[in-house]
Each structure stands twice: as C-alpha cells, then as structure tokens.
Amino acid sequence: MAKILDQPRYKCALAAMQTVQSIPGAIPVLHSGPGCAAKLNDNNGTSGKFSPNIFPCTSISEKEVVFGGTEKLRTTIHNALRVIDADLFVVLSGCTSEIIGDDIQEVTEEFEDAEKPVVWAKTPGFKGNNYVGHDWILKSIFQQYLRGRQPKTQKGLVNIFVSPPQQDPYWLGNLREIESLVEAIGLTPNTIFGFGRGIKNIDKIPDAQFTILISPWAGIESAEFLEKQFNIPLLKYPVLPIGATETTKFLCKVQEFTGADKDLTEKVIKEKEAEFYYYIERFADTLLETRILGKRFTVVSDSQYTMAVTKFLVNDMGLFPEKVFITDDAPETYRQQIKNEISTLNYGIQAETEFSTDGNDIQNQIRKLDFAGTPLIIGSNWEKKLSQELGAHFINVSYPMLEKLVINSHVAGYSGGLHLLEQIFTAAMSKLKL
C-alpha cells in the first residue's frame, strides 16, 4: 500500500545532483524531463565554478517516451563537452528515462576517450531518495573514474565523508570543522567537496591510508567500495560529533583506528575541552536558568541530526529527551543500530525513537507529549508553525530551512556545540518579557 508523504524532508534520488554540483569542476548531465530539474534545483548554490542553474538536460518529451531518448542523450553529452569547461561530467538518469529503458551506461561509455572524463549513475526517484542517490553517485565516480588506479599509499592521508552535500544545510562548515580536528591530531584530511577541493582530491582517494565516514547510514555503500577496491581500512563513525563529549569520543576513536600520535591527540583534546568548558562556565548562570530554557526537548530530523543533537543535549547539557523522530526513511537494516546508538546516553537516560515520514502524524504525536514546561523543538521549517502553536522554542537545523541562511557555519565539533547553544538560547531569550 502506498504511503502518504506529508511535509517531505528529502527529495528523490535525482536530487543528489547536488552531490555532483558540490565537487568543484564537476557538472551533472541529466537524462530526465525538464520539470524534474526545475523542481529539484532549489539549493543555495554549488561549489562555485558553475551557477546552480547551469547543467545540461535532455528535457525528455513525449517523443522520447515513444521512440527512446538515447540519441538525444548522446547529443546532449557531446554538446556539453564542447561548450562547458568542466573537469568531470556525471550523467544521471531520472524516472522517465529509466522507465522507457534508455541505457545511459551504453551511451556514456561511447565517450570513454573524451578529453574530459564522463561517468554515469542511475538515480531514478522511484528507487530511493537523495540520501541513497548520494551514495550511488559517489560509488559510480569511484568505480568508473578511478578504475584501474594502483594505490600509492600516503602515510597519514585520510579520506573523509560526512553528510550528503546541500541536503544538510551545515554540510560544508561541518566538513571543514572535521577536517580541522583530524588535521590537529597529525593526520592529512582528503575531502572532495567545496572550495579548493575537486577532481585533484578524487585522484588522491586510492592513495589514502584510511577512510572515515561519519554517518548513521548514508554513504556506507560507496565507502565500503573503497575499502574493498583499494584495501583502504574504513572507520564508520555513526554520530556527527557535536560538543565536548562526542567530539572527544570521536578523536579518541580516530586515534585508535589510525594509530595517530596518542600524546598529540590527548593534548589537542585537553586544549579543546578546556576552551569549550571555559565558555560554558562563563555563561553557566544563563545556561542553568530554567526560566529561560526548560529541561525537555524533542528532535524531528534525519538520522544524523536526531542522533547527534539528542546526544549533545543530554550528554553535555543535561536535558531530557521526549520522543524523538527520524524522518529520512532510513533503511530497515540500520534502524535498530540507530535506535541503539540514540539510547547510549549518559546517566541512564532513554529516548524513545520513531522512524516516520508522515509530518502530520509526527506533529500530532508532539502535541500529546508532556514537556512539563516550555517545549524545545529542534527540526526543520515544517516544525515552525507547530512551535508557534505550542509556544515552544524552535531551532531549525535541517532541510527544509527557509528562514535562515547558512553560509559556512557549523554545528560539528567542540565549537559547533557552542554555536548550537547560541541558537537555542537566542530563541529562548527572545521570548523573555522585559
């Protein structure tokens, strides 16, 4: 039986074109209808080289549905190679081209000897959302562009992958903060997204000594491909580290896994924790004032943020979770692991977790929760109206995010925890009556 998707928190697999757009110099070539590209392209920009509105598209019409669209795809790729100065072309298929049976692999492979690399990935929306589409695209790039590469392992070089670009509003700031933390303990981070990265960093991927994936489930298939294809040991860390407790755990795990300098790691942790708690102590009177912020909260977000925010607010700030909700349609295979991780909280505190894509049902459940005071609701723009109805403090941390602009801010790491607290207490203090 079909599900009703009310208040969607993600898009179809083809929307993972944003993964391509976030690699400097890469451009998606869409084999889809014109409406698909127009509807999906609601992001806040790309890696910088191309406008988010510049991408070749076959714009499939009724003619191609009847007679096939491979010739139009062939022409589109050919012309794109002629007029667009990209470093990497990634051909993506939409629902229509997949349903009529167009073989994008066959057409793309005709351009194997082109001056610029052309790879393909099947991303029809009926097969999944943009979280899985992100994984399919990365695996296709690794499998096709890096085919036949012989690794030349560089000591201390670490591939780092976090969340699907642009689906997470804080994706770039978080990625840079993770890079900074890993570099601080003596390792060399290698990432492919955002300013200054790109195809030259993709070229270094097989040479990495380790890969670190920070994700509850998105991106696992492509990271495991690197492990198998190039014998790169993979550290799967399920929690985006926010605040002192989880970031320290993360750095200790990375040190243990990679064999990084233990003394240096401990020194970095000591310094970072001291700075974090310096700020906490400075504002302790404010942070502990229950008239400003109550003690109970709920989170409505994807697996990454529901898990990370819950752990931070409990383990670092001593708040109590009411029921929390995961909205990214996480595969059944990973749901119990995610529940177990969310339940691993300090002081024996438990958080009831529900996986749901039905925003209306989620909001009805939140209305019935007993917050014993002013609620704190952390989620997406869909929770804003509910928060106003309940008189709750509201923080938007995930897609869709409509009332806030994120340029290079982050919530990951020690400093990211402080940034998140700034947002929470700013929302709470704005309600104070003078």
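This is a predicted model: local features need pLDDT of at least 70, side-chain atom pairs count only at pLDDT 80 or more; totals for chains, interfaces and linings use all residues.
**Surface patches**

I looked up charge on the surface first. D103, E106, E109, E112 and D113 form a negative patch. I picked E112 from that group and found it in the loop between α6 (104-109) and β3 (118-122). E112 has a relative accessible area of 60%, so I noted it as exposed.

I then looked for a nonpolar patch. V65, V66 and F67 make one of about 350 Å². V66 sits in helix α3, which runs over residues 62-67. Its relative accessibility is 61%, and V66 therefore counts as exposed.

**Strand β1**

Is strand β1 mostly covered or mostly open? I checked residues 26-31, and six of the six are buried. I also checked the two faces separately. A26, P28 and L30 lie on one side, I27, V29 and H31 lie on the other, and all are buried.

Next I looked up the partner of β1. It pairs with strand β2 (residues 88-93) in the parallel sense, over six bridges. Within this pairing, I27 stands opposite F89 of β2.

**The loop at P216**

I placed P216 in the loop between β6 (208-214) and α10 (220-230). P216 is buried, because its relative accessibility is 10% and the cut-off for buried is under 20%. I also compared P216 with V239. The two are 23 residues apart in sequence, and their C-alpha atoms are 6.4 Å apart in space.

**Salt bridges**

I counted 19 salt bridges in the model, and I looked at several of them.

E64 forms one with K72, and the closest N and O atoms are 4.0 Å apart. I noted E64 as buried at 8% relative accessible area, while K72 is partly exposed at 32%.

K323 and E354 form another, with 2.6 Å between the closest N and O atoms. K323 lies in the loop between β9 (320-321) and β10 (324-326) and E354 in strand β11 (residues 353-355), so this pair ties together parts that are 31 residues apart in sequence. K323 is buried, with a relative accessible area of 13%.

K267 and E271 also meet in a salt bridge, at 2.9 Å from N to O. Both are in helix α12 (residues 262-282), and because they are four residues apart, about one helical turn separates them. I noted K267 as partly exposed at 47% relative accessibility and E271 as partly exposed at 46%.

My last entry is a network of salt bridges, which links E71, R74 and E110.

Notes: Residues are numbered from 1 along each chain as its sequence is written. Side-chain values use heavy atoms; hydrogens and water are left out. Patches are made of residues with over 30% relative accessible area and no salt bridge: like charges are joined within 9 Å, nonpolar side chains (Val, Leu, Ile, Met, Phe, Trp, Tyr) within 5 Å. Accessible areas come from the Shrake-Rupley method with a 1.4 Å probe; for residues, only the protein chains shown count as cover. A salt bridge is a side-chain nitrogen of Lys or Arg within 4 Å of a carboxyl oxygen of Asp or Glu. Lys and Arg count as positive and Asp and Glu as negative; His and the chain ends are not counted. The place of a charge is taken as NZ of Lys, CZ of Arg, CG of Asp or CD of Glu. Helices (H or I, at least four residues) and strands (E, at least two) are DSSP runs, numbered from the N terminus. Buried means under 20% relative accessible area, exposed over 50%, partly exposed in between (1.4 Å probe, protein chains only). Two strands pair if DSSP finds at least two bridges between them.
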